[in-house]
Amino acid sequence: MLRSAAGSTASDTGTPGAPRVVFVPSPINAPDVLDMDVQCSLMGWLEEQGVRCALLDWGPITPEDRADTLDSFVMHRLLPLLQAVDGPVHLVGYCLGGLIAWAAACHLPVRSLSLIATPWHFSGYPAARREELTRMWQHHRSSCEAMGLVPMEVMQHGFWTLSPDKLMEKYLKFGAMPPDSASAQRFVAVEDWANGGEPLPFALGEQLFEQLYRDDITGKGQWTVGDIAIAPGAIRGPVMEFASASDAIVPLACSPDMPGREVMASGHVGMVIGGSAPRTLWPMLKRWILSHEGSI
């Protein structure tokens, strides 16, 4: 389903009518990173600037969804929603949501496609890390298959495998913060978000760990969704990539490296909701979107 920004209503933000911008979050974690709260919301800020936005919420995931993959999220969830919206929209995808938005933009015309911290070249991860992820997945695979789900605890294990040093570093920084400070409160809110969220369908977890992290089907040009090969040249609209030079989850070497991409200093989450985000990513994204209002 689509939802508006925190603290906003259709009558007091943006312009009348259907959303002009649809944010597509990752199926991992709740979508809140794009609309954390009224004090820190990329979506809410854009609406204050007169850009009507909507955020896709994937909803609850149950064992009945066990066969769902990124492909089915595109074909059976996102595309029907976009087809019901009045006219082409600007799609903004975050992390794995960027892959889903990218594939959708190969099926339908878009005013623009924005990719934020989106992985593509999975072979860009260090070989040792990819091997560790494969071993971790093999350890959990049979239990996940029996449940039909990949619990958030397994995903967190994967993230820790990708960046063990960053994990320790962030908690050391937290330990130095005054307990009642705004920075400490923001840290807790972000950690609650990062450690919460729905499980993944088993087939999506299998695809993530085996076809993407292990085999790099996207980077090799082997990902096909609905008989369309997903590639930069197949996108039916202008595209911009926003990447991070310090992202431990999606290192720069793993990004699509689209022509003209913007590279920021903040990390995977910080580039969206960090202290510098309102001065960097937010206005850059706004300028990009407004410059392509007449693309269709």
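Biologist: In which strand does Ala54 have its place?

Modeller: This is a predicted model, and in it Ala54 lies in strand β3.

Biologist: Is Ala54 buried or exposed?

Modeller: Ala54 counts as buried because its relative accessibility is 5%, and buried means under 20%.

Biologist: How far apart are the C-alpha atoms of Ala54 and Met43?

Modeller: They are separated by 7.8 Å, and the two residues are 11 residues apart along the chain.

Biologist: In what sense do β2 and β3 pair?

Modeller: Strand β2, residues 21-24, and strand β3, residues 53-56, pair in the parallel sense over 3 bridges. Within that pairing, Phe23 has Leu55 of β3 as its bridge partner.

Biologist: How many bridges join β2 to β4?

Modeller: There are 4 bridges between β2 and strand β4, residues 90-94, and these strands run parallel. Here Val24 has Gly93 of β4 as its bridge partner.

Biologist: Which way do the residues of β2 point?

Modeller: Val21 and Phe23 point one way, Val22 and Val24 point the other way, and all are buried. In general, side chains in a regular strand alternate between the two faces of the sheet.

Biologist: What is the strand order of the open sheet?

Modeller: The sheet has 7 strands in the order β1-β3-β2-β4-β5-β10-β11, and the pairing is mixed. Strands β1 (2-3) and β11 (262-264) stand at the edges; each has a single partner strand, so one side of each is left without a neighbour in the sheet.

Biologist: Changing topic to helix α4, what span should it have?

Modeller: Helix α4 covers residues 127-147, and at 1.5 Å a residue its 21 residues should span 30 Å. Its end C-alpha atoms are 29 Å apart, which agrees.

Biologist: Where is the kink in α4 centred?

Modeller: The kink is centred on Arg141 and is about 45 degrees. Arg141 is also one of the buried residues of α4, which include Trp137 and His140.

Biologist: How many cavities of 30 Å³ or more does a search of the whole structure find?

Modeller: The search finds 1 cavity of 30 Å³ or more. The largest cavity has a volume of about 40 Å³.

Biologist: Which residues line the largest cavity?

Modeller: The lining includes Ala117, Thr118, Glu241, Asp247 and Leu252. By class, it has 5 nonpolar, 3 polar and 2 charged residues.

Methods:
Residues numbered from 1 in each chain as written. Predicted model: local features only at pLDDT ≥ 70, side-chain atom pairs only at ≥ 80, totals over all residues. Heavy atoms only, no water. 1 Å grid on protein atoms, 1.4 Å probe; cavity = no way out; pocket = protein on both sides within 12 Å on 5 of 7 lines; lining within 4 Å. Points joined across faces, edges and corners; volume = space filled by probe spheres on them. Nonpolar A, V, L, I, M, F, W, Y, C, P; charged D, E, K, R; others polar. Helix = DSSP H or I, 4+ residues; strand = E, 2+ residues; numbered from the N terminus. Expected span 1.5 Å × (residues − 1). Bend = angle between axes of the 7 residues up to and from the residue. Buried < 20%, exposed > 50% of the residue type's maximum accessible area, 1.4 Å probe, protein only. Pairing = 2+ DSSP bridges.
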